[in-house]
Amino acid sequence: MMSSSSYNNLVTAAALFLAAVLGGSNAQLSATFYDTSCPNISSIVQGIIDQAQNSDVRINAKLIRLHFHDCFVDGCDGSILLDNADGIVSEKDANPNINSADGYSVVDDIKTALENVCPGVVSCADILTIASQISVSLAGGPTWRVLYGRRDSRTANQAGANSDIPTPFDTLDENRQKFTSKGLDSTDLVALSGAHTFGRAQCRTFSNRLYNFNNSGSPDQSIDATYLQTLQGTCPQGGDGTVVANLDPSTPNAFDNDYFTNLQNNRGLLQTDQELFSTTGADTVAVVNRFAGSQTEFFDAFAQSMINMGNISPLTGSDGEIRANCRRVNA
């Protein structure tokens, strides 16, 4: 039997390892970080997103995607929001983001509203974090206590965006490796993929599955036949690659667990979606089944995985800065 001192040493070592993987400084993040300096942050952000929903039903999915793509490149530091400038090669022009990532103007509106009330206080990285939580909640999904205290980077990493952000064409092993490198496990992978319960994807991100998958001369055999016909109608061969299709064909604008029942029915839109369920022997299959069987279990896991992702290598303390404008570093 392990002694209590040995057990405590083991727990401490495990905690230190996790802290190292996630950047070490997430212990400085706190749910009460803005309680005194900007106590109305949540209501201000929700007001802007509420208004944005009136003209863009996709804004909730767009905002959470910005947070995801931000955190996977050098941590959750707001670098995805920087425009091209002297010394800045924007991540917005990286392959996973160009002509795809969106919602920047709503982030600008949130930043302006917060600067009017709490000038120089709330970081752009934290704006992406709270905007994601509110976006999920407004769409019918879970809520959770957001941890704050991130600061903004003074640099961007376009090469990192091209290499580190999961793509719709990754195999399950490639996708898993990208998550593992950020300290996230298979449950995080499946839970965070569940954000595809709302939003849209362009034909160019999945049309390879519809006609000549992996140069086989045939469609991806894991696609349900009826669903395949529907998708081929939306995305004809040689057609406009920017046309969009619902990521969740059953409840496209609601945050629920239908995404996982879709996977069980071979109605996952992206290759990376369907492979979570259709890869024989993968540990992700059991997780998909659990979440398909219990929306509560999915919601609980999703909330925890969002916290885990939000803890990836944040800048805290005196590192980085609080940008006055999310699109450029301070002068």
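Start with the largest cavity of this predicted model: its lining has five nonpolar, three polar and two charged residues.

**Stop 1: the largest cavity**

Select His-67, Thr-129, Trp-144, Arg-145, Val-146, Leu-147, Arg-150, Met-306, Ile-307 and Gly-310, which line the largest cavity. The space inside is about 70 Å³. Colour by element, and α13 turns out to give the most to this lining, with three residues.

**Stop 2: α3 against α13**

Which residues of α3 meet α13? They are Ile-64, His-67, Phe-68 and Cys-71, and on the α13 side the partners are Phe-302, Met-306, Met-309 and Gly-310. His-67 of α3, together with Met-306 and Gly-310 of α13, belongs to this contact and also to the lining of the largest cavity. By class, the contact of α3 with α13 has six nonpolar residues, two polar ones and no charged ones.

Now draw the two helix axes. The axes of α3 and α13 come within 10 Å and cross at roughly 45°.

**Stop 3: the largest pocket**

Next, select Arg-65, His-69, Ser-100, His-196 and Leu-270. Of the 40 residues that line the largest pocket, these are the closest to its centre. The pocket holds about 940 Å³ of space.

To see which elements surround the pocket, show α3 (59-71), α7 (172-180), α8 (186-193), β1 (200-202), α11 (271-278) and α13 (295-310); each gives two or more residues to the lining. The most comes from α3, with six residues. Colour the pocket lining by class and it divides into 21 nonpolar, twelve polar and seven charged residues.

**Stop 4: the second largest cavity**

The count comes to two cavities of 30 Å³ or more. About 50 Å³ of space lies within the second largest cavity. Its lining residues divide into four nonpolar, three polar and two charged.

**Stop 5: confidence**

Finally, colour the chain by pLDDT. The average is 93, and 92% of the residues score at least 70. Where does pLDDT stay under 50? Select residues 1-26, for which the model has 17 contacts beyond four places in sequence. Where pLDDT is low, the predicted coordinates should not be read in detail.

Technical notes
Residues numbered from 1 in each chain as written. Predicted model: local features only at pLDDT ≥ 70, side-chain atom pairs only at ≥ 80, totals over all residues. Heavy atoms only, no water. pLDDT = per-residue confidence, 0-100. Contact = heavy atoms within 4.5 Å. 1 Å grid on protein atoms, 1.4 Å probe; cavity = no way out; pocket = protein on both sides within 12 Å on 5 of 7 lines; lining within 4 Å. Points joined across faces, edges and corners; volume = space filled by probe spheres on them. Helix = DSSP H or I, 4+ residues; strand = E, 2+ residues; numbered from the N terminus. Nonpolar A, V, L, I, M, F, W, Y, C, P; charged D, E, K, R; others polar. Axes fitted to C-alpha atoms, helices over the stretch in contact; angles between N-to-C directions.
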